[in-house]
Amino acid sequence: MSTLPHHTATATATAATVPANACDVTPAGAAWLASAETYPQSLLTDWRARPTAPAVLSCGTVFDVVSVPAVFGRQMVDRLWHEGPGSGPVAAHRGRMLLFATPGTARRLPSLLAWEEWARAVPSLLCHGPGDAVTVPPLSPGQHPGDQLGSRWLVAPGSRRPWLPGPDVVLWACVRAARAATSPAVRISIFPRGDQSAKVYDVSRRR
């Protein structure tokens with residue numbers, strides 16, 4: 001039922017470039033994350049003093065976050081990068097995948113998904129919007145308490161205005177991942193074979 005929206009053909013051209021190491025948050029990316037808070041400079045000062053510490057950020061103004069079970073999230077991001085426009089920032093935390101999306105996605109996505117025939121094949125989604133907050137991984141990867149929670153960036157924000165998918169694109173990825181999960185066909189994955197905990201995301205397939 002769902003197809004990739006026509007406007008995503010141009011989204012690829014406008015999507016922000018990901019850092020060479022997708023796990024590294026650039027200074028511009030950190031500034032973008034901090035802009036979600038009332039006092040961004042204060043947060044940046046604290047974060048730079050402790051770059052290996054996670055942070056709690058507000059949703060609903062700069063970005064929304066769609067949280068999905070890790071395995072299904074990997075399938076969604078596979079579809080976004082292999083067949084679609086790519087993704088915005090993506091993080092892993094406590095066994096779930098956090099997909100950053102445009103503000104308003106948290107409100108619209110559940111309603112859109114309810115009309116889909118594949119909705120029952122989509123596992124529990126947690127949509128974080130206005131009034132919600134999420135824990136995001138540290139600026140720098142490494143050994144820190146967050147590692148015990150599997151907290152890391154898979155695609156870290158690399159610019160002051162990263163491209164973010166909207167609810168229609170996230171819906172498309174949900175449906176494609178649900179279809180792929182029920183298909184016996186062999187699929188190409190951008191995750192390294194035999195190492196499902198790899199910390200560096202392979203962005204070589206981005207169009």
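The chat below goes through the strands and helix packing of one predicted protein model.

Biologist: What should I know about the model and its numbering before we start?
Modeller: This is a predicted model, in which local features need pLDDT of at least 70 and side-chain atom pairs count only at pLDDT 80 or more, while totals for chains, interfaces and linings use all residues. Residues are numbered from 1 along each chain as its sequence is written, and side-chain values use heavy atoms, with hydrogens and water left out.

Biologist: How many helices and strands are there in the protein?
Modeller: The protein has six helices and seven strands, where helices (H or I, at least four residues) and strands (E, at least two) are DSSP runs numbered from the N terminus. From the N terminus on, the elements run α-α-α-β-β-α-β-β-α-β-β-β-α.

Biologist: And what share of the residues is buried?
Modeller: Of the 207 residues in the protein, 50% are buried, with buried meaning under 20% relative accessible area, exposed over 50% and partly exposed in between (1.4 Å probe, protein chains only).

Biologist: Which strand order does the open sheet have?
Modeller: The open sheet of five strands has the order β5-β2-β4-β3-β7, with antiparallel pairing; two strands pair if DSSP finds at least two bridges between them. The edge strands are β5 (126–128) and β7 (152–155), each of which pairs on one side only.

Biologist: What stands opposite Val 90?
Modeller: Val 90 stands opposite Val 155 in β7, and strand β3 (residues 90–93) is joined to β7 by three bridges, the two running antiparallel.

Biologist: Where does Val 66 lie, and is it buried or exposed?
Modeller: Val 66 lies in strand β2 (residues 64–69), and it counts as buried because its relative accessibility is 1%. Leaving aside neighbours within four places in sequence, Val 66 is in contact with Met 97, Leu 98, Leu 99, Thr 105, Leu 109, Leu 126 and Val 170, contact meaning heavy atoms within 4.5 Å. The C-alpha atoms of Val 66 and Cys 127, which are 61 residues apart along the chain, are separated by 4.7 Å.

Biologist: Now the helices: at what angle do α4 and α6 pack?
Modeller: Helix α4 (residues 70–82) and helix α6 (residues 167–181) pack at an angle of about 115°, with their axes 8 Å apart. That makes α4 roughly perpendicular to α6, given that angles under 35 degrees count as roughly parallel, over 145 as roughly antiparallel, 65 to 115 as roughly perpendicular and the rest as oblique. Axes here are lines fitted to C-alpha atoms, for helices over the stretch in contact, and angles run from 0 to 180 degrees between N-to-C directions.

Biologist: Which residues of α4 meet α6?
Modeller: On the α4 side they are Phe 72, Gln 75, Met 76, Arg 79 and Leu 80, and the α6 residues that they meet include Val 169, Trp 172 and Ala 173.

Biologist: And how do α5 and α6 pack?
Modeller: Helix α5 (residues 105–114) and α6 pack at an angle of about 45°, with their axes 9 Å apart, and they are therefore oblique to each other. Thr 105, Arg 108, Leu 109, Leu 112 and Leu 113 in α5 meet Pro 167, Asp 168, Val 170 and Leu 171 in α6.
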